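User: I am new to this structure and would like to understand the words used for it. Could you take me through them?

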Amino acid sequence: MLRLFFLYVTEDINTVQTKRAMVSWMISRSVVLLFGTLYPAYYSYKAVKTKNVKEYVRWMMYWIVFALYTVVETVTDSTLA
């Protein structure tokens, strides 16, 4: 009886830890979406709209680096995982 209780509690703890990990993942992905894509996208649009060449070059460089990072991340995830 004690063993069954221990197994039940262990499974419940694992479920809670899994849910916490999922919530943490969702929060981190939301932050990345907000600050990694939406914020730069808005300021890139703003730089193009105002025709400010210095800002335009700055944000286009950001998107080039972002694209390279995304490609490297995707390739390493598929090869190492």
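Analyst: Gladly; we will take a few terms in turn and set each value against its definition. This is a predicted model, where local features need pLDDT of at least 70, side-chain atom pairs count only at pLDDT 80 or more, and totals for chains, interfaces and linings use all residues. Residues are numbered from 1 along each chain as its sequence is written, and side-chain values use heavy atoms, with hydrogens and water left out.

User: Why is Tyr 62 called partly exposed?

Analyst: Buried means under 20% relative accessible area, exposed means over 50%, and partly exposed is in between (1.4 Å probe, protein chains only). Tyr 62 has a relative accessible area of 26%, so Tyr 62 is partly exposed. You can find Tyr 62 in helix H2, residues 53–80; a helix here is a DSSP run of H or I with at least four residues, numbered from the N terminus.

User: What does Tyr 62 touch, not counting residues up to four places away in sequence?

Analyst: Tyr 62 touches Phe 35, Gly 36 and Pro 40, where contact means heavy atoms within 4.5 Å. Pro 40 is 22 residues from Tyr 62 in sequence, yet their C-alpha atoms are 8.1 Å apart.

User: Why is the pair of Tyr 42 and Tyr 43 called edge-to-face?

Analyst: Rings of Phe, Tyr and Trp (its six-membered ring) pair if their centres lie within 6.5 Å; planes under 30 degrees apart count as stacked, over 60 as edge-to-face and the rest as tilted. Eight aromatic pairs are counted by this rule. One of them is Tyr 39 with Tyr 43, which is tilted, with 4.8 Å centre to centre and 55° between the planes. Both of these residues lie in helix H1 (residues 2–50), four residues apart, about one turn of the helix. For Tyr 42 and Tyr 43, the centres are 5.1 Å apart and the planes stand at 80°, so this pair is edge-to-face.

User: Which residues do ring pairs link into a cluster?

Analyst: The cluster holds Tyr 39, Tyr 42, Tyr 43, Trp 59, Tyr 62, Trp 63 and Phe 66.

User: How do you know that Tyr 39, Tyr 42 and Tyr 43 are partly exposed?

Analyst: Again we look at the relative accessibility. Tyr 39 has 43%, so Tyr 39 counts as partly exposed. Tyr 42 has 46% and therefore counts as partly exposed too. Tyr 43, with 29%, is likewise partly exposed.

Conventions
Helix = DSSP H or I, 4+ residues; strand = E, 2+ residues; numbered from the N terminus.
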